[in-house]
Amino acid sequence: MILKYIFRHTNPDFLNRDLEKLTPKDIMFRKAIYHSGFKFGLLLLSTITFIGVFVPFFVDMSPYDQDISKRLLPPVWSEGGSWQYIFGTDGNGRDYLARIIYGTRVSLTIGIGAATVGMLIGVTLGVIAGYFGGIVDQVVSYILTCQLALPGILFLLTIISIVGSSLTVVILVIGVLHWTLFLVVTRAATQRIRNLDYITAANAIGARKTNIIFTDIIPNVLNQIIVIFTLEVGVAILAEATISFLGLGIQPPTPSWGVLIAEGKEAIFFQPWLIILPGIALFLLVISINMLGDGLRDITDPNTSIE
Amino acid sequence: MLKFVAGRFLVSLAVAFTISFVTFFFLNIFTDPAQAVAGEEALFEEIEQIRTQYGFDRPILTRYFEWLGGIFTGDFGVSYYWNKPVGTLLLERAPQTIKLALMSVSVTIMVAIPLGIFAALNPNSIIDRFALSVAVSAQAIPNFWLGLILIIIFSVTFPIFPVSGDKTYYHFILPSVVLGTSSVPPVMRLMRTGLLDVINSDYIRTARSIGFSGWRLVTKHALRNAVLPIISVIAVQLGHKFGGSLITESVFAINGLGRLALLSILGADIPTVQILIFVFAITFIVFNLLSDILNAYLDPRLRL
């Protein structure tokens, strides 16, 4: 079905059709076709996701198996490297390529999980503040001001050091500290929509508040929420890598890229690839997510022109 | 204007109190300060003795107001981990962080402003594309990794800069580049869009029509209006720098407030951590307040 859709939208007849005849969805699709940043981000992200999530099912490798006789082997392109360990091995003789590939899963899980937590908090508060206004709005705005003034990383580390570190804790805590953008966007959009005629009409026929919020307001801010969500996944991935690097996030031997870089730091003078490689993976993943997010913003914004 | 400033000041004060309140309660309910003083292997009786001796058995509200009162009279409490008054610790460490924050903001200004100006003067050109890709990359680079990469390149492979430490200004160059990079994207983007708006405005067209052109037009007429919002965004970024110093200082082993914060967290040193969260929040609030006031001064519509 998707292939059929893509085929229909990429054939020359369609591309030459007049703008007036296109539906908003068609326009979005056409913008996506011409948006090089979006295409690049999508391609890179799909590649990384494919390698990180699906390749381990087909290729036999383990990020945990240690072989002390094969410690700190160099990667294949430097002297003494072999194709058996393409990225070499780490200080415990573990296959570095396998550790980096499995690290994708950790990053993606935490990124998506934390962004979801942040979205739930931010969107809920945003809809409530925007829809009810008045004192509720002021209270929510005050919470927002306080949240923004909190020193992010320091507070994150403090909470995790007290609560204790686990995958769930890291996801929850990063999510709880990253909801402000969701709030700002949903609140503004809800305020704008609240006074439109169709909401008044829904009120007039006696629709319930929850119904209005879920069927009339949320769908209208969904595009913006998706954009913020994408960008927050990138932010959360960087936050996780940072706290794991500082030793308070994901704990070894779990192959988080932050953990790999922290372990590689011991070998900075002689085995710099142990730091460079996971960092490049992190950079590529985050940049692909950011480009996808920026692209989605341009595509879903009705005010930008095609091309 | 005065009403606006007073209003903002009161809100900032309230936010500062809320943060101190939340931090204090969170840290003192979920951790046991007596246990932290006594150490891991302490006996139950010893912990109880310390609890009464240090007054940890009193109600938490009493302790909070005592702590808050202490801050106003300059008594920041005693760090059990460092065996020093927290105030002394702050005074020892603050100069390094201030130095780092100021130098990194200078790096941001030196990189972001020229890039933004050139990008705005040649929209959609190669320079513009380059500036945009710098911004996109700077946003995606993990700060701590950039630090390590710079150490690998400029300290290990080509020994130009020292690996770590904070003895001379020379030691601060790589850390400032790292910390400054994270502020390049917002400042550059604002410079670019701000200058583009000004260039497309009527008065610049008028200036062009009476014969001004090139650099003279940009420096004399356009830049003057575009640069003011930049100052306020730089103030906000400077506020961020203090909190952001944690990672950079840890990577480069600079004995500033950020590294103190990390070590205190690892050492479960509650008195220091709660003061540091408060100090970082206050610097952020103060710089934001300054930026708000500056914006309101420039744009009367914001003074509502």
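## What covers helix 7 of chain A

Helices (H or I, at least four residues) and strands (E, at least two) are DSSP runs, numbered from the N terminus.

This is a predicted model, in which local features need pLDDT of at least 70 and side-chain atom pairs count only at pLDDT 80 or more, while totals for chains, interfaces and linings use all residues. As for labels, residues are numbered from 1 along each chain as its sequence is written, and chains are lettered from A and ligands numbered from 1 in the order in which they are written.

Because ten of its twelve residues are buried, helix 7 of chain A is largely enclosed by the rest of the structure. Its end C-alpha atoms are 17 Å apart, which agrees with the 16 Å that twelve residues should span at 1.5 Å a residue; the expected span is 1.5 Å times one less than the number of residues. Just after this helix, A:Gly164 takes a positive phi of about 95°.

## Where the chains meet

Helix 7 of chain A also takes part in the contact between the chains. That contact takes 32 residues from chain A and 33 residues from chain B, where two residues are in contact if their C-beta atoms, placed from the backbone, lie within 7 Å. On the chain A side, helix 6 (134-149), helix 7 (152-163), helix 11 (209-245) and helix 13 (273-300) each supply at least two residues. Helix 13 of chain A gives the largest share, nine residues.

By class, the side of chain A that touches chain B has 24 nonpolar, seven polar and one charged residues. In this scheme Ala, Val, Leu, Ile, Met, Phe, Trp, Tyr, Cys and Pro count as nonpolar, Asp, Glu, Lys and Arg as charged, and the others, Gly among them, as polar.

## Chain B as a whole

Chain B holds 13 helices and two strands, and its C-alpha atoms fill a box of roughly 85 × 55 × 30 Å along the principal axes. Of its 304 residues, 40% are buried. Among the contacts in chain B with a separation of 6 or more, 72% join residues 24 or more positions apart.

Chain B is divided into domain 1 (2-73) and domain 2 (89-296), with bounds that come from an automatic or database domain assignment. The C-alpha centres of these two domains lie 33 Å apart. Between them, 15 residues of domain 1 are in contact with 13 residues of domain 2. On the domain 1 side, helix 1 (2-30) and helix 2 (33-38) of chain B are the elements that give two or more residues, and the largest share, twelve residues, comes from helix 1. The residues of this side divide into ten nonpolar, four polar and one charged.

## A bent helix and some backbone details

Helix 5 (residues 86-121) of chain B has 36 residues and reaches 50 Å from its first C-alpha to its last, close to the 52 Å expected. It bends by about 35° at B:Arg93, and B:Pro95 follows within four residues; the bend is the angle between axes fitted to the seven residues ending at a residue and the seven starting there.

Most residues other than glycine have a negative phi, and most peptide bonds are trans. B:Asn124, in the loop between helix 5 and helix 6 (126-140) of chain B, has a positive phi of about 65° and is exposed, with 9 other C-beta atoms within 10 Å. B:Asn83 has a positive phi near 55°; this residue sits in the loop between strand 1 (78-79) and strand 2 (84-85) of chain B, and counts as exposed with 7 C-beta neighbours inside 10 Å. In chain A, a cis peptide bond joins A:Pro252 and A:Pro253, with omega about 10°, and A:Pro253 lies in the loop between helix 11 and helix 12 (257-264).

## Confidence

The model scores ipTM 0.88 and pTM 0.89. Chain B has a mean pLDDT of 85, and 99% of its residues reach 70 or more; pLDDT is the predictor's confidence in each residue, from 0 to 100. Within chain B, confidence is lowest in helix 2, at a mean of 73, and highest in helix 8 (residues 173-181), at 92.

Note on methods: A residue is buried if 20 or more other C-beta atoms lie within 10 Å of its own, exposed if 12 or fewer, and partly exposed in between; C-beta atoms are placed from the backbone.
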